[in-house]
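Please read them with the structure in view.

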Amino acid sequence: MNIIRTAIASIITLFVSTIAIAETIKVATVNNGDMIRMQGLTNEFTSKTGINVEWVTLEENVLRQKVTTDITTKGGQFDVLTIGTYEVPIWGGKGWLNELNFSASYDVDDLLPAIRSGLSIDGKLYAAPFYGESSMIMYRKDLVAKAGMTMPQRPTWGEVYDIAKAITEGNDGVYGACLRGKPGWGEGGAFITTVANAFGGRWFDENWNPQMDSPEWNAAVSFYVDLLQNYGPPGASSNGFNENLALMNEGKCGMWIDATVAASFVTNPDQSKVHDKMAFAQAPCAVTCKGSNWLWAWSLAIPGGSKKVDAATKFIDWATSKDYLELVASKEGWANVPPGTRTSLYQNPTYLSEAPFAEMTLNAINTADPSFNGTLKKKPYMGVQFAAIPEFQGIATSVSQQISSALAGKITVEKALKNAQKIAAKEMKKAGYTK
Amino acid sequence: MRSNLVPKLTSYPTITLLFIWMAVPLGMTIYFSFLRYSLMYPDVREFTGLLNYEYFLTDFAFLEALWNTFVLVFSVLIFSILFGTGFAVLLNQNFFGRGLARVLAIAPFFIMPTVSALIWKNLFMNPVSGLFAWLLSLFGLGPIDWFTHVPMISIIIIVSWQWTPFATLILLTSLQSVDKDQLEAVKLDGANNFQAFRYVILPHLSRPIAIIILIETIFLLTIFAEIFVTTTGGPGLATTNLAFLVFTEALLKFDIGIASAGGVVVVILANIAAFFLVKMIGKNLQ
Amino acid sequence: MKKKIIITFFAWLFSLLIFFPILWMIITSFKTEIDAVAIPPLFFSFEPTLENYGIVQERSNYLKFAQNSVIISFGSSILGLVLSIPIAWSMAFHPTKRTKGTLLWILSTKMMPPVGVLIPIYLIFRDFSLLDTQLGIVIVLCFVNLPIMIWLLYSYFKEIPNEILEAVRIDGASTLQEILYVLVPLSLPGIASTSLLCIVLAWNEAFWTLNLTSIDAAPLTTFIASYSSPEGLFYAKLSAASTLSVLPVLFLGWFTQKQLVRGLTFGAVK
């Protein structure tokens with residue numbers, strides 16, 4: 001009994017002693033590797049500025065729900081939000097985010113132009129990129145060589161298919177292609193959009209009519225389902241980024257087409273069993289290369305109602321600065337710094353030599369085009385793997401549910417796309433885009 | 001006079017609070033259900049009449065979700081009661097280490113639904129590195145891709161695992177009060193074990209079983225965490241139940257109007273279900 | 001004797017089967033990430049490590065989440081008792097023709113999916129500054145569990161002979177005295193089991209806690225939500241975080257299982 005009492009007393013003392021004296025900001029973020037590293041480095045920020053940071057670290061979907069609920073109802077629970085290139089143009093345009101103004105030492109012009117423009121409206125920056133990414137092929141050079149094949153710098157989907165087939169057939173327990181199939185607009189939805197783009201498709205035509213019933217989408221989804229069902233891992237329809245990363249790191253995938261940011265994970269000896277066998281190529285094209293690699297940046301923003309704008313700005317300044325990159329490099333090595341945000345990083349010779357994927361990443365980010373001309377036929381929306389309209393996440397989530405159902409073999413591709421078209425058309429009509 | 005007035009007055013504060021808790025949000029939900037109200041356009045709130053109800057009820061997801069809800073609730077009830085009865089009878093026997101075995105057998109009931117879903121999904125049902133895949137490979141079988149090919153069965157397994165101990169717990173306690181003399185008497189009359197179970201024990205268990213059905217139904221109707229963590233309602237709509245469907249409208253599409261309409265529809269259905277439930281098993285509860 | 005051995009075998013076999021997922025979680029939490037995915041699986045032949053617990057603690061302050069879980073689950077149950085004892089008392093000892101209907105209505109309120117009323121509650125919480133406060137989440141979980149509490153207490157009170165209360169009343173006790181000094185002591189096992197059940201339910205509640213709290217009042221359900229999708233090899237860390245989240249309530253449940261079950265059977269078992 002006494003032990004318990006002592007334990008309780010010491011726990012209480014512990015809590016009391018941690019009551020904050022200084023200013024405290026609340027930061028909501030996703031549980032990705034780079035953010036968790038940032039969380040571990042918080043002390044550096046606090047000792048520099050005297051501002052305490054409290055973290056809410058959640059899985060991406062949960063975080064998005066919470067943050068969206070909070071900002072749209074003006075709940076005011078957070079001072080800094082982690083959001084993506086999809087939210088920033090919409091939320092910024094509605095006046096829900098504070099414009100960011102940094103001191104000259106921040107060097108805004110150093111931000112990669114593609115990323116910066118995705119986070120700005122009329123030249124005003126509404127969020128600062130923490131890391132940026134495009135998509136590319138990460139493959140096992142040993143297995144490709146063993147199969148007697150070569151991976152072109154920028155292959156076509158047909159070539160990718162052949163390589164995946166050869167790897168699957170030549171190796172026991174290795175799956176040729178690991179691709180996202182998990183429903184969700186930011187998961188499988190993002191990936192299938194790049195495939196559809198490569199096959200010449202787009203989400204909406206100039207009059208906002210959904211295009212799921214087009215021959216391009218049919219060709220793309222049929223190809224994707226065929227590839228994954230035959231040469232993908234079991235359970236592909238519930239695999240997202242993280243599941244595939246785990247598979248890749250366990251040495252079970254011949255190739256994986258996904259976010260460029262994963263390159264530093266699959267080449268990290270602490271995490272990956274195949275870190276020394278990885279090589280990289282640009283995302284595959286089909287009838288076009290336009291829109292075949294996506295563009296995304298997890299970014300930090302300040303909600304409109306925040307009462308701690310100064311402290312929050314200081315934090316964002318710190319977390320997205322050049323100094324932060326050096327800080328991570330000094331602790332964890334250059335290969336582990338958050339990539340894809342600053343031009344200077346890609347001019348740093350140490351980084352280029354320590355990160356074998358650097359050039360490929362930069363190339364992929366620079367070729368991604370979120371503008372109206374980013375697909376074979378002109379589109380009315382911004383975004384490569386998404387359409388920057390509020391209705392998109394609902395529509396794309398339902399559509400990707402249908403596609404994952406086809407992937408699981410529950411319904412045919414035709415049926416899935418027919419359902420998808422019906423859902424999308426209904427939502428667009430409800431929102432008043434189409435009559 | 002006092003014996004009538006005081007009880008009323010005493011119960012009023014709680015009833016009133018409960019009523020406020022129910023009525024205010026429900027009232028707001030009903031109000032929202034007649035509006036065009038999307039969180040994405042918080043300033044636009046137009047009256048749209050029954051349009052939201054029309055969208056929700058004519059959505060082809062609705063009937064599927066209704067059916068899935070029924071399948072989920074019904075299967076878990078059956079499994080948990082069947083296995084629960086079996087375990088309870090077994091654990092009620094006299095054997096070595098009975099106390100410890102009982103403690104182990106009821107443990108899943110205390111596990112957070114989120115945690116149990118995560119554990120089953122990642123450590124057991126993962127088709128590549130999960131324990132089940134390895135077990136099957138021992139018999140020369142390929143892995144089962146649980147959440148793709150048998151998604152509903154997978155969810156039912158997880159949820160049944162959580163709720164069977166609850167049934168076991170209640171039935172076990174109840175078995176301990178079976179009239180031993182009566183049991184002896186029946187056996188002396190030449191009844192075998194099965195007959196003794198059928199005619200003495202089972203009638204004795206009818207009341208606890210009614211309680212289990214009632215409590216489990218209440219919780220199973222709103223199962224959410226297990227689905228969210230494992231299949232997110234898919235593939236397609238294969239594991240979308242009504243609670244998850246309303247969730248999709250509210251927190252994926254951020255359409256509060258339709259989500260509210262969905263909420264109201266589910267409340268009405270729940271009341272109908274409750275009515276029949278209490279009619280069916282109510283006599284056992286008195 | 002032979003029969004006893006056979007029964008022992010099967011009873012233990014099934015108990016262990018049921019418990020195995022939890023055991024496997026605990027075992028995995030002491031493995032390195034590489035050992036955690038080894039095939040064939042390593043049951044005991046691995047070097048146990050506390051590394052995962054270290055990483056988990058470094059990432060999120062477990063004690064703070066656990067403290068919130070304790071406050072929220074006990075707080076909501078205590079508040080629930082204060083509210084539900086009077087109403088259950090009046091329904092059990094002074095039933096009217098509407099009592100049954102009220103009970104049914106109370107119970108049906110539990111069947112609504114919580115997300116249906118999330119936005120209204122969120123707006124109310126915002127206006128009363130209750131977002132991410134312990135008080136706010138205690139109130140919500142209290143009301144969420146109130147229907148179950150009222151039902152269980154009602155059934156338990158029904159087992160107490162009315163004459164005992166009558167006698168006290170004739171002696172001139174006030175209603176408050178009647179409840180506090182006679183009814184509560186008499187039905188202590190039922191009250192204990194009701195509150196235990198509600199503590200367990202509140203501890204495991206993952207919708208309201210996740211949506212209405214973020215930092216200050218965030219309990220273990222939020223803690224686990226930051227581990228709910230994998231980052232590379234993560235099974236061992238997930239297992240460690242899971243073990244930490246469930247262990248306190250698992251022990252509570254084990255130590256109080258007799259109490260717990262006594263009231264759950266609605267007094268059917270004497």
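1. Read along its sequence, chain C follows the pattern α-α-α-α-α-α-α-α-α-α-α-α-α-α, which comes to 14 helices and zero strands; here helices (H or I, at least four residues) and strands (E, at least two) are DSSP runs, numbered from the N terminus. The C-alpha trace of chain C spans about 70 × 65 × 30 Å along its principal axes.

2. This is a predicted model, in which local features need pLDDT of at least 70 and side-chain atom pairs count only at pLDDT 80 or more, while totals for chains, interfaces and linings use all residues. Residues are numbered from 1 along each chain as its sequence is written, chains are lettered from A and ligands numbered from 1 in the order in which they are written, and side-chain values use heavy atoms, with hydrogens and water left out.

3. Between chain C and chain B, the contact (heavy atoms within 4.5 Å) takes 95 residues from chain C and 86 residues from chain B. The area buried between these two chains is about 8,500 Å², of which carbon and sulfur atoms give 82%; buried area is the accessible area (1.4 Å probe) that two parts lose on being put together, summed over both. The count of salt bridges between chain C and chain B is zero, a salt bridge being a side-chain nitrogen of Lys or Arg within 4 Å of a carboxyl oxygen of Asp or Glu.

4. Between chain C and chain A, the contact takes 29 residues from chain C and 29 residues from chain A, and the buried area is about 2,600 Å², with carbon and sulfur atoms giving 59% of it. On the chain C side, R59(C), Y122(C) and I215(C) lose the most area to chain A, together 20% of what that side buries. Two salt bridges are counted between chain C and chain A; K26(A) forms a salt bridge with D132(C), the closest N and O atoms being 3.3 Å apart.

5. Over all chains the structure holds 25 salt bridges. In chain A, the side chains of K331(A) and E44(A) meet in a salt bridge at 3.0 Å, N to O. Because K331(A) lies in helix α14 (residues 322–332) of chain A and E44(A) in helix α3 (residues 42–49) of chain A, the pair ties together parts that are 287 residues apart in sequence.

6. In chain B, helix α3 (residues 60–91) and helix α10 (residues 193–220) pack at an angle of about 140°, with their axes 10 Å apart; axes are lines fitted to C-alpha atoms, for helices over the stretch in contact, and angles run from 0 to 180 degrees between N-to-C directions. That makes α3(B) oblique to α10(B), since angles under 35 degrees count as roughly parallel, over 145 as roughly antiparallel, 65 to 115 as roughly perpendicular and the rest as oblique. Residues of this contact include V73(B) and L77(B) of α3(B) and L205(B) and I209(B) of α10(B).

7. Helix α9 (residues 180–188) of chain B also packs with α10(B), at an angle of about 135° and with the axes 10 Å apart, and the two are therefore oblique to each other. Here Q182(B), L183(B), V186(B) and K187(B) in α9(B) meet N193(B), A196(B), V200(B) and I201(B) in α10(B).
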